Amino acid sequence: MDTSGLYIHIPFCRRKCAYCDFYSRAFGDHGDEYVTALLAEMDESRRFLTSKPEGRPRLTTVYFGGGTPSLLSAAQLARIFEHITQSFTLLPEAEITLEANPDDLKEDYLEALGSLPVNRLSIGIQSFIDSELAFIGRRHTAQQAIDAVRRCKEHGYDNISIDLMMALPGQTLESFDQSLSQALDLGVQHISAYLLSLEPGVPLHRSLRQGRWQEAGEELSTAMYRRLHERLTAAGYEHYEVSNFARPGFRSRHNSAYWQGRPYLGLGPSAHSFDGHGRRWNVPDLAAYLRHDFQREYDNPNPEERYNELVMTRLRCLEGICLEQLHQSFGQDLYDTCLASAQKWIKAGNMHLEGGRLVIDPDSWLVSDEIIRDLMQV
Ligand code: SF4
């Protein structure tokens, strides 16, 4: 096996945001205990990425996601890095991302982080409008977010990603425009933007059902997505995946590897892993995890499921599906079925064939879910 990614889940948040159903718990004083459990899982799982007993997997990316990884102290992160370098070969050019909340990125934290190999920060900002941030239960204000990004730049971080959200309660096209202007002013290298999507049970879903706010509706959501695409591409960002924009050379290498079906190891409760063939995922149970009881479920997808996954991930990316790979991996029948299903979308101008690839035009990414469903095997 060639190179792989390592994902480390930090399942803690200071307070739950009103729209979030990610697996996370109150931080409490579990930090050191949690890191000890992570290191034990790393020892136990290192070989997931290699078939050779003495093999030392080579890592091209490490991604600390959550939850809120910036709740870990620099000393706790340093323990994890020490163990990573003992267990894997961390390539010198590896992309190492830490997800962070703006209110954690204070001067002293950034100072301490400077001694670690983190070279990419992904900051959850969501909006630069205070009333929108307050409604969705974010802990920071717009000004704190702006200051945090500026501080990161002053500390030498030159690969910064921020997250924004569309279709938030009370958000208008004008207020979204303001958030975009602020994001552009900050000159970050990467922007991810997601439409608000609520799982039943999260507080924002309950308040919606109680009539305390109204959903944006399709017309407004569509207008926001179009505005996002127009403004960011006009400013020189590449719209390289449905929800992701990057300055040239600054695509997320970790997430791109997921979308290209490359192997990765995920550590921590709820983390998923893929060895190039099968998947496994850790049961989301922090209490068991802290007892080093690493409970897992497994899935070995059949060819149709693997084909569906390829359609789902590749068609959301600018490069689309490589037809040669499709043919090699799935044979003539699925290849023919895929191209036959694509014909109606090609005729309608939503898809095209280009350089041996089947691609959804970025202008049509708003209907990508419909196209992908149509091309999947049921
Ligand atoms: S900080 Fe992130 S993971 Fe935690 S509750 Fe908010 S959105 Fe969810």
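Author: Let me begin with Ser 270, which is partly exposed because 18 other C-beta atoms lie within 10 Å. Please keep in mind throughout that this is a predicted model.

Reader: Where is Ser 270 placed, and what is its phi?

Author: Ser 270 sits in the loop between β11 (264–267) and β12 (272–274), and its phi is near 80°, a positive value in a residue other than glycine. Most residues other than glycine have a negative phi.

Reader: What about Ala 167, what is its phi and where does it lie?

Author: Ala 167 has a positive phi of about 65° although it is not a glycine, and it lies in the loop between β7 and α6 (173–186).

Reader: Changing topic, is Tyr 157 buried or exposed, and why?

Author: Tyr 157 is buried, because 22 other C-beta atoms lie within 10 Å of its own and the cut-off for buried is 20 or more. Tyr 157 is found in the loop between α5 (142–154) and β7 (160–166).

Reader: What does Tyr 157 touch?

Author: Leaving aside residues up to four places away in sequence, Tyr 157 touches Leu 121 and Cys 152. Tyr 157 and Asn 119 are 38 residues apart in sequence, and their C-alpha atoms are 6.6 Å apart in space.

Reader: Now the domains, please: which does the assignment give, and how far apart are their centres?

Author: The assignment gives domain 1 (3–258) and domain 2 (302–378), and their C-alpha centres lie 29 Å apart. The contact takes seven residues from domain 1 and seven from domain 2, and on the side of domain 1 that touches domain 2, the elements giving two or more residues are α8 (217–234) and β9 (238–241). By class, that side of domain 1 has three nonpolar, three polar and one charged residues.

Reader: There is an open sheet as well; in what order do its three strands run?

Author: The order is β15-β17-β16, and the pairing is antiparallel. The edge strands, each pairing on one side only, are β15 (321–322) and β16 (351–354). β16 and β17 (residues 357–360) pair over four bridges, and Met 351 stands opposite Ile 360 in β17.

Reader: Last one, how many helices and strands are there in the chain, and how compact is it?

Author: The protein chain has 13 helices and 17 strands. Its radius of gyration is 21 Å, close to the 21 Å that the globule rule gives for 378 residues, so the chain is as compact as a globular protein of that length. Of those 378 residues, 36% count as buried.

Terms used:
Residues numbered from 1 in each chain as written. Predicted model: local features only at pLDDT ≥ 70, side-chain atom pairs only at ≥ 80, totals over all residues. Domains from an automatic or database assignment. Contact = placed C-beta atoms within 7 Å. Nonpolar A, V, L, I, M, F, W, Y, C, P; charged D, E, K, R; others polar. Buried ≥ 20, exposed ≤ 12 C-beta atoms within 10 Å, placed from the backbone. Pairing = 2+ DSSP bridges. Rg over C-alpha atoms; globule rule 2.2 N^0.38 Å.
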